[in-house]
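Here's a quick briefing to read alongside the model. Have the sequence and the 3D view open as you go.

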Amino acid sequence: MTYQELMMQSLSDLLENEEDLKFPIYGTLQQKNRHWFGFWGLTDNYLLSVLLVGSSKKIGWISRIPLDIKSVQVKKALIPFQYKIHIAFKEGSPCDLRVSKKVVGIGQQEANLSGFIKYIQESSSPSSKI
């Protein structure tokens, strides 16, 4: 199974009822000195998250996080074509993602990243745009 297939399958498995998967992306979740590779996608009301074990194709953790967003900050990273996305929720810990516009083997990453950023910014209160 390719990473593209794994991303689509694992995020689709998190959908409930009549939900549609929007803007699936591959990136890195960063927390303090640790990081996890994974997939993220959106529904009308949730941020879907699938974290992988290391750089393998084994799923280590999944979650559905309510899109109760307080703020979003998006900054260009020092590495070309990468962005840092900080999502602060009204409740709970923030989410810090590092996402590249281009990922080998993941089709539509650049278009989906643009849509993902726009959607979470529109779902938040104050936000910082690219």
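**Rings and strands at a glance**

Tyr 3, Tyr 26, Phe 37 and Phe 39 come together as one aromatic cluster. Keep in mind that this is a predicted model.

**Aromatic pairs**

- The count of aromatic pairs comes to four.
- One of them is Tyr 26 with Phe 37, a stacked pair at 6.5 Å centre to centre with 5 degrees between the planes.
- Tyr 26 sits in strand β1 (residues 22-31) and Phe 37 in strand β2 (residues 34-42), so this pair ties together parts that are eleven residues apart in sequence.
- Tyr 26 counts as buried, since its relative accessibility is 19% and the cut-off is under 20%.
- Phe 37 is partly exposed, at a relative accessible area of 27%.

**Charges over rings**

- Over the face of Tyr 3 you'll find Lys 57, 5.0 Å from the ring centre.
- Arg 64 does likewise with Tyr 46, lying over its face at 4.1 Å from the ring centre.

**Strand β6 and its partners**

- β6 (residues 82-89) is mostly covered, with six of its eight residues buried.
- On one hand, β6 pairs with β5 (residues 69-76) in the antiparallel sense over seven bridges, and Ser 71 has Ala 88 in β6 as its bridge partner.
- The β5-β6 hairpin has five residues between its strands, and Phe 81 in the turn has a positive phi of about 70 degrees.
- β6 also runs antiparallel to β7 (residues 95-100), joined by six bridges, with Ile 87 opposite Cys 95 in β7.
- The β6-β7 hairpin has five residues between its strands, and Gly 92 in the turn has a positive phi of about 90 degrees.

Terms used. Residues numbered from 1 in each chain as written. Predicted model: local features only at pLDDT ≥ 70, side-chain atom pairs only at ≥ 80, totals over all residues. Heavy atoms only, no water. Buried < 20%, exposed > 50% of the residue type's maximum accessible area, 1.4 Å probe, protein only. Helix = DSSP H or I, 4+ residues; strand = E, 2+ residues; numbered from the N terminus. Pairing = 2+ DSSP bridges. Phe/Tyr/Trp six-rings, centres within 6.5 Å; stacked < 30°, edge-to-face > 60°. Lys NZ or Arg CZ within 6 Å of the ring centre and 35° of its normal.
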